[in-house]
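Here is a colleague's note for someone opening this model for the first time. Please read it with the structure in view.

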Amino acid sequence: MSGALPSMGDSSELPAAAERRMGDRIAASIYRDPDYVDDPVLGDYLQSIWQPLMKAARARGELQDELDERFAWALFLIRDRSINAFALPGGYLGVHLGLIGAVNTPDELAAVLAHELSHVTQRHISRLMTQQNRQAPWMIAAMILGALAASKSPDAATAAIVGGQAVAAQGQLNFSRDMEREADRIGFGVMQGAGFDSRGVAEMFEKLQQASRLNDNGAFPYLRSHPLNTQRIAEAQSRLQLAAAATPSPEGRADADRAQLLHAMMAARARVLAVPGVDALRAMLAEAQRRTDPPATAAARIRDAGVLYGGALAAAQLRDFAGARSLWRQLPPLTEGVVRARQAVELLGIEIDLLAGVVPPSAATADLAQATTRAEVLTVSRSLTAARRGREVSDRLQTWVTAHPGDAMAWQMLAVAYGQQNQTVRAIRADAESRVAQRDYPAALDRFKAAQAMMRSQPGSADHVEGSIIDTRARQVESLVKAQALEDKVNR
Ligand SMILES: [Zn+2]
């Protein structure tokens, strides 16, 4: 099996643009799903693994330029405790919080993401779609959505019937065995190219194998869509032997420890945000409170940081803010070399205060202009909004959304910051843009029209530039609404 890709003219493939349109439709529904989670902290963490994988796929020639440009390459976090990740058409990938909470290392997470990425780059999805060529693409999109929704209910059998062959009962695409082997092989190379420890693949397989022995498929939907067979395992083992996962150098070891430290905290965060129920949160809190002396070994310190982080966040969710702060203060002082881990700890402190409804003390001195990562920009913005420093927030977020126009949460926070300054027209426009970012064009159009009505009834409520931007955006979004309606009519 060579890695060569069929040419784009190959009739066995759905054109990239069509696959992207299908993905967009599915994405629009997922954005509206209450179980879709936009957590900037975990989002940044996933991106820190995802971006190197994308880069490696490009460098290895696995990612065609056309797909690179046309596809969304966006990750969705889903509030679901089961262990799963899945590729959708058009370069969208879903990741369950349960997966992040269950893996022990960033390398295990990279192994799963690289595998899913390879399903997309190898056009496995488009091939499945065209195998179903008696059905219109929109119908397949509807099937995927139906199956995704049904996978959450006990009545998943309905989806299996509706879904036909392309979509399995668990709401995922049913790839062939050969496709799975190809995704294993390409994914392994991509993961290695991105600098991850390839033993992560073996560890992940081990986890899956244990789960299948325990018959724990319910918590492991990934196992149902990715049945392990001796061939897959043997191939992975021989790849590992060839790669000769050598003993890492001392510097490599230190890097790995830093990555593990951040991972331990992020996995704990994912477990808390997956809403495991009050008993589970109490258990996390109790575990953190039970600990005594700071541990001696590096591995124990890493584990300890995860326990404290999880305990502090669990306490905050249980509204025990004194308990949360006390655990947070016990998190190890992090200095050189651990910028991202230190940032995660700082942001957790702000988050606990905001959940408690108090203005974080750091808001008095925070310099939003210095914030660079998304988690930092959005969390510090929340903090400054609580301190009623709306002007600084809107200045920073205006720059941010110019660079990231698809960031719905940033637009939403910008709307709040403008509201705080009584700039109502701008607030309504920012709210409209957040709907555009979530591809809810009719809702966006409503808001643009409300902004226009306000400008007419209250001359002077917006300046000329703002007014003409709103008129232009209203026209653009109106044509998107019309195009969507037309597409629906044709499809019906
Ligand atoms: Zn797969």
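The numbered points below go from the whole chain to the sheet, then to a loop and the helix packing.

1. **Basis.** This is a predicted model, in which local features need pLDDT of at least 70 and side-chain atom pairs count only at pLDDT 80 or more, while totals for chains, interfaces and linings use all residues. Residues are numbered from 1 along each chain as its sequence is written.

2. **Overall make-up.** The protein has 23 helices and 4 strands. Helices (H or I, at least four residues) and strands (E, at least two) are DSSP runs, numbered from the N terminus. Of the 492 residues, 44% count as buried. A residue is buried if 20 or more other C-beta atoms lie within 10 Å of its own, exposed if 12 or fewer, and partly exposed in between; the C-beta atoms are placed from the backbone. Take the contacts between residues at least 6 apart in sequence: 64% of them join residues at least 24 apart. A contact here needs C-beta atoms, placed from the backbone, within 7 Å.

3. **The sheet.** The 4 strands form an open sheet, ordered β1-β2-β4-β3, with mixed pairing. Two strands pair if DSSP finds at least two bridges between them. β1 (36-37) and β3 (85-88) are the edge strands; each has a single partner strand, so one side of each lacks a neighbour in the sheet. Helix α1 (residues 16-32) packs on the sheet and touches β1, β2 (74-78), β3 and β4. The direction of α1 makes about 35 degrees with that of β4.

4. **Strand pairing.** β1 and β2 are antiparallel, over 2 bridges. Here tyrosine 36 stands opposite isoleucine 78 of β2. β2 and β4 run parallel, joined by 5 bridges. Isoleucine 78 also stands opposite histidine 96 in β4. β3 and β4 (residues 92-96) run antiparallel, with 4 bridges. Alanine 87 has leucine 93 of β4 as its bridge partner, and phenylalanine 86 stands opposite glycine 94.

5. Is β4 covered on one face or both? Both faces are covered: Tyr92, Gly94 and His96 lie on one side, Leu93 and Val95 on the other, and all are buried. That is 5 of the 5 residues of β4. In a regular strand the side chains alternate between the two faces of the sheet. The hairpin of β3 and β4 has 3 residues between the strands, and there glycine 90 takes a positive phi near 80 degrees.

6. **A loop residue.** Asparagine 104 sits in the loop between α4 (97-102) and α5 (106-121). Asparagine 104 has 16 other C-beta atoms within 10 Å and is partly exposed. The C-alpha atoms of asparagine 104 and glycine 200 are separated by 9.2 Å, though the two residues are 96 apart along the chain.

7. **α15 with α17.** Axes are lines fitted to C-alpha atoms, for helices over the stretch in contact, and angles run from 0 to 180 degrees between N-to-C directions. Helix α15 (residues 298-317) packs on helix α17 (residues 339-356) at about 15 degrees, with the axes 10 Å apart. The two are therefore roughly parallel. Angles under 35 degrees count as roughly parallel, over 145 as roughly antiparallel, 65 to 115 as roughly perpendicular and the rest as oblique. Tyr309, Ala312, Leu313 and Ala316 of α15 meet Leu348, Ile352 and Leu355 of α17. By class, this contact has 7 nonpolar, no polar and no charged residues. Ala, Val, Leu, Ile, Met, Phe, Trp, Tyr, Cys and Pro count as nonpolar, Asp, Glu, Lys and Arg as charged, and the others, Gly among them, as polar.

8. **α17 with α18.** α17 and α18 pack at about 30 degrees, with axes 10 Å apart. They are therefore roughly parallel. In α17, Gln343, Leu347, Ile350, Glu351 and Leu354 meet Ala375, Glu376, Thr379, Arg382, Ser383 and Ala386 in α18. That contact divides into 5 nonpolar, 3 polar and 3 charged residues.

9. **α2 with α18.** Helix α2 (residues 40-59) packs on α18 (residues 374-386) at about 170 degrees, with axes 8 Å apart. These helices are therefore roughly antiparallel. Pro40, Val41, Gly43 and Asp44 in α2 meet Arg374, Ala375, Leu378 and Thr379 in α18. The residues here divide into 4 nonpolar, 2 polar and 2 charged.

How values were computed. Contact = placed C-beta atoms within 7 Å.
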